[in-house]
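The sequence and the structure are shown below.

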Amino acid sequence: MKRKIKITVGLLFLFMSYNAGAQQTIMQKLINKIWVLSWDNENDNYAYKQQYTSTQITKSVITNFGTTSVVADFYLSNQVETTFNYSKVGNATDGKYIISFLPEMDGESYFMCMK
């Protein structure tokens with residue numbers, strides 16, 4: 001009987017540990033990782049890399065000629081947004097949309113809403 005209880009308690013502990021790890025927020029899944037999209041063909045060899053903090057995205061394009069990087073503010077949202085709301089930056093830990101804004105790059109500003 002003691003052995004059955006120990007096994008049950010052990011399995012329960014493992015299950016709880018697994019569930020605790022699985023309950024990460026979207027923000028926790030994004031930060032502290034390097035997200036890379038790369039492709040290679042005979043004419044173009046480059047990669048697109050993104051790194052997240054809780055408030056900013058560093059976007060880099062890596063080519064044979066070097067690396068170009070920009071930093072954009074972002075926040076998470078559960079709905080599509082058409083304007084950037086600076087008051088939401090760093091406040092949401094979950095959401096299915098990444099809303100980002102780069103105010104100035106080569107004389108242009110860039111607003112993005114990605115699912």
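Helices (H or I, at least four residues) and strands (E, at least two) are DSSP runs, numbered from the N terminus. The model is predicted, so that local features need pLDDT of at least 70 and side-chain atom pairs count only at pLDDT 80 or more, while totals for chains, interfaces and linings use all residues. Residues are numbered from 1 along each chain as its sequence is written, and side-chain values use heavy atoms, with hydrogens and water left out.

## Overall architecture

The protein chain contains 2 helices and 6 strands. Read from the N terminus, the order of these elements is α-α-β-β-β-β-β-β.

Of the chain's 115 residues, 22% are buried (under 20% relative accessible area; exposed is over 50% and partly exposed in between, with a 1.4 Å probe and protein chains only). The accessible surface amounts to about 8,600 Å², and carbon and sulfur atoms account for 57% of that area; the Shrake-Rupley method with a 1.4 Å probe was used, and for residues only the protein chains shown count as cover. Where contacts (heavy atoms within 4.5 Å) link residues at least 6 apart in sequence, 25% of them join residues at least 24 apart.

## Strand pairing

Two strands are taken as paired if DSSP finds at least two bridges between them. E3 and E4 are antiparallel partners over 8 bridges, and a hairpin of 2 residues connects E3 to E4. Valine 61 has threonine 68 in E4 as its bridge partner.

E4 also pairs with E5, again in the antiparallel sense, over 5 bridges. Here aspartate 73 is bridged to phenylalanine 101 of E5.

## Tyrosine 46

Tyrosine 46 belongs to strand E2, which spans residues 45–52. Its relative accessibility is 31%, and tyrosine 46 therefore counts as partly exposed. Between tyrosine 46 and glycine 66 the C-alpha to C-alpha distance is 9.6 Å, with a sequence separation of 20 residues.

## The largest pocket

On a 1 Å grid over the protein atoms alone, a pocket is an open set of points with protein on both sides within 12 Å along at least five of seven lines, where a 1.4 Å probe fits; lining residues have an atom within 4 Å of a point. The largest pocket holds about 220 Å³ of space, the volume being that filled by probe spheres set on the points, which are joined across faces, edges and corners.

Its lining consists of 14 residues, and Tyr48, Lys59, Val70, Leu102 and Met105 lie nearest the centre. Strands E3 (56–63), E4 (66–77), E5 (97–105) and E6 (108–114) are the elements giving two or more residues to this lining.
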